[in-house]
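Me: Please take a close look at one residue in this structure. Then set that residue in the context of the whole chain.

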Amino acid sequence: TANPIPPTDENLAQGMMIYNMNCVVCHGSPVKKENPLGHSFYPPVPQFPEDPPDKPDNETYWIVKNGVRYTGMPAWDRTLSEDDMWKVTLFLEHWNNLPPAVKEKWEKGL
C-alpha cells in the first residue's frame, strides 16, 4: 500500500512532531543523537541519526502500526490515528530529504 498522505511541508512537519512526541526517546534525533534508553533494549533500537530508516513506506507503516514482537517497539494502532501513523511514516521516509523549512525546525529540536 502506498502512503496516502502527500509529502507537503505541513504533513512532514506534523510527522516530525508525532515522531518527537513518541519516538525520539528511543530512536534519536539530530539534537538527541545518543539515546541510552534505545541502547538499553535487546536487541538495541535502531538509532536513526546514525542509521536513517530505509525501508519502503509500507513496511515502516506496518512496523509503526503493529510494533515488533519480542522487542521494545510497541504497536501504535491504538494510540495514533491512521493519518498520524502515515504522517510519521512519511517523515521517516523523508528523513534525509526534508524541505528546508521542516529541516530547520528538525535540526533545532522544534
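Reply:

Leu90 sits in helix α5, which covers residues 82–93. Helices here are DSSP runs of H or I with at least four residues, strands are E runs of at least two, and both are numbered from the N terminus. The model is predicted: local features need pLDDT of at least 70, side-chain atom pairs count only at pLDDT 80 or more, and totals for chains, interfaces and linings use all residues. Residues are numbered from 1 along each chain as its sequence is written, and side-chain values use heavy atoms, leaving out hydrogens and water.

Is Leu90 buried or exposed? Leu90 counts as buried because its relative accessibility is 2%. Buried means under 20% relative accessible area, exposed means over 50%, and partly exposed lies in between (1.4 Å probe, protein chains only).

Which residues does Leu90 touch? Leaving aside residues up to four places away in sequence, Leu90 touches Asn3, Ile5, Pro6, Pro7, Asn11 and Leu12. A contact means heavy atoms within 4.5 Å. Pro30 is 60 residues from Leu90 in sequence, and their C-alpha atoms are 18 Å apart.

Now the whole chain. The protein chain has six helices and zero strands. Along the sequence the pattern reads α-α-α-α-α-α. Of its 110 residues, 38% count as buried. Take contacts between residues at least 6 apart in sequence: 60% of them join residues at least 24 apart. The C-alpha trace of the protein chain spans about 35 × 30 × 20 Å along its principal axes.
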